[in-house]
Amino acid sequence: SIADFISSRYGKSTFLGVWATIIAVFGIIPYISIQLKAVAVSFDILTHDGEQAWSAEEFLNIPFYLDTAWYIAIALAVFTILFGTRNLDPNERHEGLVAAVAFESLLKLVAFLAIGIFVTFGLFNGFGDIFSNASKYEEIAQILFLEDGHIDGWYWFWLTFLSMFAILFLPRQFHIAVVENTNPEFVKTAAWVFPLYLLLINIFVLPVAMGGILKFGSAANADMFVLSLPMREGQNMLALFVALGGFSAATSMVIVAVTALGIMISN
């Protein structure tokens with residue numbers, strides 16, 4: 001694990017490895033909970049005609065046996081045990097797990113491109129139409145310029161810099177890139193495939209966000225625009241496909257993250 005790597009790099013310090021593990025656990029558990037909540041809310045929206053089954057206040061107080069996230073967490077735990085942590089061989093590679101994550105990543109990409117094309121060219125007349133309409137909306141116009149969002153160049157630089165570190169050095173990234181890597185040559189392929197993937201999956205982020213605000217207003221739940229926009233237009237099959245893509249994205253991230261954490265803690 002990345003904790004083992006840090007420990008061995010600095011004189012095989014057990015103390016340093018323990019601290020790296022503790023920091024990773026406390027840093028990633030909230031991240032995992034966000035993914036579980038996203039899947040649960042998506043399921044509730046799909047099964048309640050585009051509306052959340054629970055308000056934000058009710059969501060915190062519902063009994064655990066009515067909480068969708070509870071059952072999703074159990075299912076993911078079972079899957080992770082079966083495919084990620086069933087054996088105690090320290091040199092074991094989980095090729096089935098990696099194949100599942102790769103398939104989920106492709107499904108997520110296709111789903112997000114589909115909703116992006118639908119919003120950009122179905123609900124609006126292309127990028128120019130969305131941006132011209134958005135520029136007239138005061139709250140959207142503020143995000144088009146750094147100064148209007150009270151962000152200077154240095155703030156933006158460090159935000160981007162930290163994001164780059166997160167992409168490269170999260171325990172789940174290290175787990176896939178190093179621990180599960182069966183051939184060093186794969187790094188050369190990943191060096192151009194990974195940036196290309198990030199580019200493709202981010203092309204439609206702003207159009208979908210702006211389209212959602214233009215259709216629903218700024219008070220709407222922006223996280224759910226990818227579901228609420230097609231459902232608003234009666235495109236339920238597209239909404240279901242997008243939900244499957246989001247489910248794939250969240251579950252693959254959770255599974256790899258907890259596999260990496262499990263190895264770190266047990267080591």
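Trainee: Which helix do Phe157 and Phe161 lie in, and how many residues apart are they?

Mentor: Both lie in helix H8 (residues 153-169), four residues apart, about one turn of the helix. Helices here are DSSP runs (H or I, at least four residues), numbered from the N terminus. Bear in mind that this is a predicted model: local features need pLDDT of at least 70, side-chain atom pairs count only at pLDDT 80 or more, and totals for chains, interfaces and linings use all residues. Residues are numbered from 1 along each chain as its sequence is written, and side-chain values use heavy atoms, with hydrogens and water left out.

Trainee: What makes Phe157 and Phe161 a stacked pair?

Mentor: Rings of Phe, Tyr and Trp (its six-membered ring) pair if their centres lie within 6.5 Å; planes under 30 degrees apart are stacked, over 60 edge-to-face, the rest tilted. Phe157 and Phe161 come out at 5.8 Å centre to centre with 15° between the planes, hence stacked.

Trainee: And why is the pair of Phe15 and Trp19 called edge-to-face?

Mentor: Their centres are 6.3 Å apart and the planes sit at 70°, so edge-to-face it is.

Trainee: How do you know whether Phe15 is buried or exposed?

Mentor: Buried means under 20% relative accessible area, exposed over 50%, partly exposed in between (1.4 Å probe, protein chains only). Phe15 has 59%, so exposed. Trp19, at 44%, is partly exposed.

Technical notes: Helices (H or I, at least four residues) and strands (E, at least two) are DSSP runs, numbered from the N terminus.
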